[in-house]
Each structure stands twice: as C-alpha cells, then as structure tokens.
Amino acid sequence: MPLVKGNTVVADDYVHLADDAELPADGAVLITAERFLADPEAALSRKDKTGVIWPNNRDVDDLLPHLDRLAAVALVFPVFRDGRAYTQARLLRERFKFRGELRAIGQVLRDQFVFMLRAGFDAFEVKKQSDADAFANVAKRYSVFYQPTGDGRITAFHRRLMHLPEGVRS
Amino acid sequence: MYAYDELDRTIVNERVSEFRDQVARRLSGELTEDEFKSLRLMNGVYLQLHAYMLRIAIPYGTLSSKQLRALAHVARKYDRGYGHFTTRQNIQYNWIKLAELPDALADLAKVGIHGMQTSGNCIRNVTSDQWAGVAPGEVEDPRIWAEILRQYSTLHPEFSFLPRKFKFAITASDHDRAAIKVHDIGLRIHRNAAGESGFEVLVGGGLGRTPFIAKTINEFVSHRDILSYVEAILRVYNQYGRRDNIYKARIKILVHELGIEKFKQEVEEEWVQMRDGALALDAAEVEDIRSRFFYPKYEKLSDTPDELKKALQNPNFEAWYKNSVAAHKAPGYGIVTLSLKPVGGPPGDATAEQMDEIADLAEKYSFGEIRVGHEQNLALPHVARRDLPALWRALDKIGVATPNVNLVTDIIACPGLDYCSLANARSIPIAQEITRRFANHDTANLIGRLHVNISGCINACGHHHVGHIGILGVEKNGEEFYQITIGGRADENAVLGHLVGPAVPFDQVADVIEDIVEAYLALRQRPDELFVDAVKRLGVEPFKERVYATR
C-alpha cells in the first residue's frame, strides 16, 4: 500500500504488527488498540517508535493518557463513506493537541484527501497507486475554505474581514 | 438576494473541476460505480430509472432572474426542455447525459449555482421560509443564518461522510412555512425575555419509513453560539449515529434511542468544550454576511392603488388575487405565489420558456428576485400592488396563474414510478386525476385550505405523513395500492397523519379523496373550520366510515 507523507510517496518505516506476533525490540510498529491497551507500558517503553491503530467506534478519550508518548495514531476508514475517523482526527489534533503522525488507513482514495488534510491527517496509506501519485495535485484542488479547522487555513469569512479590495467583490 | 463574491465563486468552480475529473475517471473505468456513487451523489447526480438525474441546489429558495435563466438554459440545452421543482427547494433534471453533466454544472457555476450536497450523506441544501425577508412580523431575515449555515456546511471536512443525509430548515416567523419540525435540525428564530433574538433548536424530525416530529433540544441558543451548537450535534451524530442499518441511520433514530434528555446531555458535554473556539461568531462576521444581501429600495406606495381597485371588478382576477397574493412587510407591495400546479399537470414542473418568462417578469416587477417554496410553487417576493393586474395577465399567458395555492389541487407530489428508481407506485397520475376532479375553482374554494401530499414510496419525498390528506403508494402483488392518511400538518403545529383504513387500488384513490372531502363538508362546524382542524376535532372514525361504508 503506497504511503503518502509530506505530499509525496515515501517508504513506510512502520510495520503493521499482527496481534500474535512478538513485539520487536527495534523498528517502528503499528499495533492494534486492544494489544496496546492491554499493556501500554510494554508498547511505549520500546526504544523505537510505536503507533496504535485506533478503530473508529472507540472513543479517542481512551488514548489521552498516552498521547504524548505515542509516535503515531492510525485511524481507520473501513469504507470511504464511513466518516467517523474525521471526527476522531479533529479531536486528536485540535482538542488533545496530538503532534505525532496521524495516519489514514483503510479505503483511502484521492477524493477524500482534502477533507483528511483539513481534519488533521498528515500520512495516508492510499489504496490505489494512481491516487497516491496524484496526491500533491489533488491536495491543491481547493484554494478557498469556509470552515475553521485545526489545519489553520484562513477561512473565507476571515479573508473577507481582512478587507480585500472592493474589486474582489461583485 | 445574497451576492456571491470571488471566494464563493472560486469554491463552486473548483468543485466543478473536481467533478469533471471524477466523471472522466468514471468514464475511463478508473473509478468503480461503487466509488463513483458517493461522489456523484454529493454533486446531485442520481442514476434513475431512465437516465442520470441532476439535482441543483437553490439555497433557502432564493433565485435571481439571471440564475433562473441559467436553469432554463440547462433545461433546454442538456435536458428535454423542462425542470422539476422539489420539496427541498431544489430543481431536478431527469434526462441529462453523464458526459455532459460537467458542462451543465460549469454553465450554472457562471451564475453561482451548483449541485453540491443536494444528495449524499452530507449536510443537504439548507431550506427556509420562501417568504423570508418579506413576510410581515418576522423576527429577522432567516436567510442570513441559512447562508451562514450554507457556508459552514459546504465541503465540511468532518461531516461529508455522515451516517445518512442531514437536513436543516430555518424560519423566523410565527407561522412555520419551512416545516422545521420534520427536519434533522430545525431552527426557529425568536426573541427571549430580554428581547434578544436567538434560536430554538429542534432535532430529530423526519419522515420516511420511521417518521418523527422533531424535539426541542435547546430553547435558546445565541447568535454567537449557533454554529458551535450545531457542530456539537453533528459531532455526536457522526460518532454515535447507527451505520449498521441504513433504515436506522438518521439522527432521529439516535435521538429516539437515547431519548432527548440523554442526547442533549451528550451534545452539551461536547459543546462546552468547543463553544468558545473558532466557530464562535462575532457581530462583524454576521454583519459581513448581512451586508452582502441585497434588499430592494421600496417606494412609498398605496395598498389600494386605482389599478388594483379597477382590476378587482374582474372575477377571474379577484379569484387569483385572493388566492395568490400575500401581505408584504412593505406597504404597497405583495408577495405573489405562482402556481406550478395547473389542472392535469405534473406538480412542480416548469418549462424552459416558463422559466425565462418568469425571470423577465421578476426583473420587471420583483427587483429580479424569485423564490422557490417547498410546496413546489414559485413566488415573486416584491411586487408593487399597482402592478398586480399587469403581472396577472402575463402569468396567466404562460399558465402559472391557476388560483389554487393552498387549495385541494395545490398538490405536493414526488416524481414517483414515472421517474424514480426507488418508487413502488405512480404519484403524478394520481395528482393529475385529483386536480381534474376538483378543477372547478368554486368547489375548491368552498373546501378551503387543504394540502394533499403524495409519495410513491416509503421514503416520503412527497411528505405524505404531513399532508392534511396524505397518499402513500405501496406495491402489493405487483399492483399499485395507496394508503391514505388524514390530519397531518407540517407547520408550527406539525403532526403526523393517521391512517384512514386499508390501502386502495390506483383507480379508487380519487374517489376516496372525494369521499373524504364530502364527509368534511358535511361535518365541519363552520365554513372556516379547516379540514385539518375538523379531523383533529372529530378523529379518523367519521371519515373512515364514509370511505369504507360502500367499499
């Protein structure tokens, strides 16, 4: 599965670890929420990066005590029309100030990239190679945004209030 | 009227360009139909019985003459010369080719209209009172807030993949013409004890398979807090709304299953954490939106000009005037409803020629503004009363002066089995037959206000649950049958109708409606007791007896 980070396709340094596989001492891993919550200390005391795969029907509040030590949280889109992870992403970024990698996994298609970026995702396990290749262009598709979100883009509301020249209006 | 600026136009154009790319990827096979489906729906594109259907948003029902001409152009160039106005202040085209959809949308984008979020599991076109801004006694113009909500909800990054569709309606009048109690979120602008205007927020209303009247979640939310409050509701719904069963996925089910108290608690816990964030609205932001609404400069005119007094001697004009002209907040002006319900016609259809002519008349007589109501009629919101006779003659020429607004032939109907792939039964021919039965204006006038609503399936696009008389098409052993309800209403006293009895076959529906109406005429206390009030007083029984005694 191609991984996009920073607008380009990159090598994925994380391994999705199966629940019955032994937790390795080295190397970045993504482990399931069950495994993580069963023994957070074991996962977080490793010297390499640990990330958790968080299902979209579980409160992200449960992650709160561990967020400053987690390197990555992967949120799941089981099908692309199931949008629960957008809410989880905004809560993690905007309310809980999570600064690690926020990764979208599952059915991740180019038509969601703009929404995902605005919700706070910064890494994307993209289903189709062609979508991954198109990422940088698709991410630029929209230049105006109505809603304030944690991505910090200036909204149309505020651009108007910054007194754009009269000529811009009709 | 709200004037789009460069920023609004940029979003619409960028959306068209995105959709053009999506259509190209679908046509090349790069996108599967399953992937394309959600994307096309969010641009108002359905795959119907015969062809793709394109649904265009008319936010809060306000259109300019220029925009209406663009709608006529699309009907003429890409469709078969007509469009269908719906109960959601939208217009639908039924015969557009997939490959031409991006061009049609690009043509509409030039005048700032689009198909964004007219379908799909996102926040749909925000609807409002079609008399907003001109109705006497309104607290304030609710379209300011509808526009704020439109902007807030357009391409919302968190709420574009909700469990199900999500509908807002907003009113600022005592008399609710926006049917807010049958919406996912209904907003009623009113004043609190301190005289400050704010929002009563209702949640969890809706029709369809499991109809509910919305419940009040908060009596008064301030202007400042309204966006954060609705975001809190949407966030709770996005997280906890059911996704396991499409029939249980609407917010009304979540509200029902949790109970309004528990739901409110969830919402307000969420709200407390975000109400002082970036969504808090300050007066400058609201003022900026308000400043981009255009309000006509009304002249000081007489309510009883000589032209009008003279014309009222013509009984045809008088009948239309009484039926179609409503009071306006500005003296000397009226709000004129244009009936899209001619006898024998499909409710809500307008031809390209009619649209062009109405656009011209709006320019001449209504400051270039047209409204679309959820009853599938149009309105000219600012007509000088002295111009009414001339306007009437022009409207009559193009067939939109039938004096039947709010009467038994002013039927709301979905497209039904004639167009819709979901339908189980036809709606349009039922509507056409009923309008023929009650074609005599004197009879219809004698009956008085009576709303007949027809849906061709349980999804209730014709809002049959809240019709004074509701007609629901169902299929039994390959035949069309119709369940009849009475006593529903969609206004400030909204209530769901009650079933009269067993479903009847297609060819008996109009007879049954006649029986019900005759029973009402015999049973009403006074000529001004409305049908729906008589049903409330008497219950279903006397009507049921009348209908089934001979069947």
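This is a predicted model: local features need pLDDT of at least 70, side-chain atom pairs count only at pLDDT 80 or more; totals for chains, interfaces and linings use all residues.
Local features are reported at pLDDT of at least 70 and side-chain atom pairs at pLDDT 80 or more, while totals for chains, interfaces and linings use all residues; side-chain values use heavy atoms, without hydrogens and water. Residues are numbered from 1 along each chain as its sequence is written, with chains lettered from A and ligands numbered from 1 in the order of writing.

The structure holds seven cavities of 30 Å³ or more, a cavity being a set of points, on a 1 Å grid over the protein atoms alone, where a 1.4 Å probe fits but cannot get out. About 170 Å³ lies in the largest cavity, where volume is the space filled by probe spheres set on the points, joined across faces, edges and corners. Its lining (residues with an atom within 4 Å of a point) counts 18 residues, and the closest to the centre are A:Phe115, A:Tyr142, B:Arg15, B:Glu18 and B:Leu155. Two elements give two or more residues each to this lining, α4 (113–119) of chain A and α1 (6–27) of chain B; α1(B) gives the most, with four. Helices (H or I, at least four residues) and strands (E, at least two) are DSSP runs numbered from the N terminus.

All seven residues of β5(B), residues 90–96, are buried, so the strand is largely enclosed by the rest of the structure; buried means under 20% relative accessible area, exposed over 50% and partly exposed in between (1.4 Å probe, protein chains only). Strands count as paired if DSSP finds at least two bridges between them. Strand β2(B), residues 52–57, runs antiparallel to β5(B) with five bridges, one of which links B:Ala57 to B:Asn90. Strand β4(B), residues 82–85, is also antiparallel to β5(B), through two bridges, and B:His84 has B:Gln92 as its partner. The β4(B)–β5(B) hairpin has four residues between its strands, and B:Gln89 in the turn shows a positive phi of about 55 degrees.

An unreviewed UniProt entry lists "domain: Nitrite/sulphite reductase 4Fe-4S" for residues 119–272 and 408–547 of chain B; such annotations may be inferred rather than shown by experiment. Residues 119–272 of chain B are 31% helix and 18% strand, with end C-alpha atoms 31 Å apart.

Finally, the cysteines: there are zero disulfides over all chains, a disulfide being two cysteine sulfur atoms within 2.5 Å. For B:Cys414, the nearest cysteine sulfur belongs to B:Cys461, 6.0 Å away. B:Cys414 is buried, at 9% relative accessible area.

Conventions. On a 1 Å grid over the protein atoms alone, a cavity is a set of points where a 1.4 Å probe fits but cannot get out, and a pocket is an open set with protein on both sides within 12 Å along at least five of seven lines; lining residues have an atom within 4 Å of a point.
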